[in-house]
Amino acid sequence: MLNRATNGGGVSLGLLVAFLLVSPMPAGAHNGPPFPIIENKKIGPCIVALWTHPDVGTGAFYVFVEPAPGTTVPDDLKIKIGVQPVTERLPETFYEAERVKARGQLQYNALAAFDRQELWRVHLVIQSSQGGGEATTQVEVTPPGFGRWDLLLYLLPFLIVAFLWFHGISRMKRRKKTRLRAGAKTAMAGQAAERST
């Protein structure tokens, strides 16, 4: 009786997980961790990568800087990020990027204001005594996510799979113990029958 209830619960849980994985969900352009929009581009005396997390309200930009071959990163390096809607309904606005302490790499961070979900032009400007340069790209700004709950939301499928795996392993162990006990009882009953004869 207990086995039937357990198996029924396992089947129901399995069907629920399958339904959640197959059911359609609204897809946004981006709602997760930062992603690169410029990678390994030589701008002035530097090789840069620009990552972003472009949410409506405040979007974050992360600039990773390495010296170009045969050079060093200038001490007076300044980085600005300019943003403007592709439709040009607003003028371009620049934000100074601040140098931050990062393990083993040079990083500059900037925050930019985005008032609407749409395609925006991103303008990276580097200035220093050793020269400078610019690069432009585009990014789609998306509605903000669930904040701290994002991580839980992204981990949920993995947590469900881990739960099902541990649940299956524990059921297998219980079945094995039950079979061993039944085998031991059968063997003991056989020995007792032999002794009585």
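These legends accompany close-up views of a predicted model.

**View 1. Five strands line up in an open sheet.** Reading across the sheet, the strand order is β1-β2-β3-β7-β6, and the pairing is antiparallel. The edges belong to β1 (35-43) and β6 (98-100); each has a single partner strand, so one side of each lacks a neighbour in the sheet. From one strand to the next, the twist averages 25°.

**View 2. Strands β2 and β3 run antiparallel.** Here we look at β2, residues 46-53, and β3, residues 57-67, which are joined by 8 bridges. To find your way along the pair, look for W51, which stands opposite Y62 in β3.

**View 3. R89 and D115 meet in a salt bridge.** The structure holds 2 salt bridges, and in this one the N to O distance between the side chains is 2.6 Å. The pair brings together distant parts of the chain: R89 lies in the loop between β4 (78-85) and β5 (93-96), while D115 lies in the loop between β7 (106-114) and β8 (119-127), 26 residues apart. R89 counts as partly exposed because its relative accessibility is 30%, a value between the 20% and 50% cut-offs. D115, at 48%, also counts as partly exposed.

**View 4. R89 also meets E118 in a salt bridge.** The side chains of R89 and E118 come to 2.5 Å, N to O. This pair, too, links distant parts of the chain, with R89 in the loop between β4 and β5 and E118 in the loop between β7 and β8, 29 residues apart. E118 has a relative accessible area of 14%, so this residue counts as buried. Through shared partners, the salt bridges join R89, D115 and E118 into one network.

**View 5. The largest nonpolar core has 26 residues.** Two or more residues come from each of β1, β2, β3, β4, β7, β8 and β9 (133-140). The largest share, 5 residues, is given by β7.

**View 6. A closer look at I79 and its contacts.** Setting aside neighbours within four places in sequence, I79 is in contact with V63 and V65, with Y95, E96 and A97, with Y108, and with L124, V125 and I126.

How values were computed. Residues are numbered from 1 along each chain as its sequence is written. This is a predicted model: local features need pLDDT of at least 70, side-chain atom pairs count only at pLDDT 80 or more; totals for chains, interfaces and linings use all residues. Side-chain values use heavy atoms; hydrogens and water are left out. Two strands pair if DSSP finds at least two bridges between them. Helices (H or I, at least four residues) and strands (E, at least two) are DSSP runs, numbered from the N terminus. Axes are lines fitted to C-alpha atoms, for helices over the stretch in contact, and angles run from 0 to 180 degrees between N-to-C directions. A salt bridge is a side-chain nitrogen of Lys or Arg within 4 Å of a carboxyl oxygen of Asp or Glu. Buried means under 20% relative accessible area, exposed over 50%, partly exposed in between (1.4 Å probe, protein chains only). A nonpolar core is a set of buried Ala, Val, Leu, Ile, Met, Phe, Trp, Tyr and Cys residues joined through side-chain atoms within 4.5 Å. Contact means heavy atoms within 4.5 Å.
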